[in-house]
Amino acid sequence: MSWPPWRAGPGIDVKRTALSHTFVHSCFSCKYHRLRVITNYFVVSMALADMLVALMAMAFNASVQLTNTWLFGPLMCDLWNSMDVYFSTVSILHLCCISIDRSVSNNPELFRPPRQ
């Protein structure tokens, strides 16, 4: 299977995704202590969830795309489908948490209890 010139293929996509999310996590945890605010905790947690999507779901999908067959047996197929759905849902829920956090921080008067 040949890939378009702008796309390196599924194996490179998995590596690139995992490395980029590892970079986000390492920048947050090691060097920059001023980045440790609640909003960035959500971003780092989402980076970790996306890294799990890359390693546990995209890696198996890449092998299927490269070989056009499933190589890992029926039990691993069920586990892969479960992990794909679970980690993708976790990533989507992180996006929801980030959007709620940003809306609360940008519009605090909307979320304040009414005065009596």
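## Surface patch

Leu48, Leu52, Leu55 and Met56 make a nonpolar surface patch of about 300 Å². The model is a predicted one. Leucine 52 belongs to helix α2. Its relative accessible area is 31%, so leucine 52 counts as partly exposed.

## Nonpolar core

The largest nonpolar core has six residues. They are Val53, Ala57, Phe60, Trp80, Met83 and Phe87. Two elements give two or more residues each to this core: α2 (38-67) and α3 (73-106).

Take methionine 83, one of the core residues. Setting aside residues up to four places away in sequence, methionine 83 touches Met56, Phe60, Met76 and Ser88. Of these, Phe60 is also listed in the core, while Met56 is part of the surface patch.

## Serine 91

Serine 91 sits in helix α3. Is serine 91 buried or exposed? Its relative accessible area is 12%, and the cut-off for buried is under 20%, so serine 91 is buried. Leaving out neighbours within four places in sequence, serine 91 contacts Met46, Ala49 and Asp50.

## Aromatic pairs

The count of aromatic pairs is five. One of them joins tryptophan 70 and phenylalanine 72. Their ring centres are 5.2 Å apart. Their planes stand at 75 degrees, so the pair is edge-to-face.

Both residues of this pair are partly exposed: tryptophan 70 has 24% relative accessibility, and phenylalanine 72 has 37%. Phe60, Trp70, Phe72 and Trp80 form one aromatic cluster.

Notes: Residues are numbered from 1 along each chain as its sequence is written. This is a predicted model: local features need pLDDT of at least 70, side-chain atom pairs count only at pLDDT 80 or more; totals for chains, interfaces and linings use all residues. Side-chain values use heavy atoms; hydrogens and water are left out. A nonpolar core is a set of buried Ala, Val, Leu, Ile, Met, Phe, Trp, Tyr and Cys residues joined through side-chain atoms within 4.5 Å. Buried means under 20% relative accessible area, exposed over 50%, partly exposed in between (1.4 Å probe, protein chains only). Helices (H or I, at least four residues) and strands (E, at least two) are DSSP runs, numbered from the N terminus. Contact means heavy atoms within 4.5 Å. Patches are made of residues with over 30% relative accessible area and no salt bridge: like charges are joined within 9 Å, nonpolar side chains (Val, Leu, Ile, Met, Phe, Trp, Tyr) within 5 Å. Accessible areas come from the Shrake-Rupley method with a 1.4 Å probe; for residues, only the protein chains shown count as cover. A salt bridge is a side-chain nitrogen of Lys or Arg within 4 Å of a carboxyl oxygen of Asp or Glu. Rings of Phe, Tyr and Trp (its six-membered ring) pair if their centres lie within 6.5 Å; planes under 30 degrees apart count as stacked, over 60 as edge-to-face and the rest as tilted.
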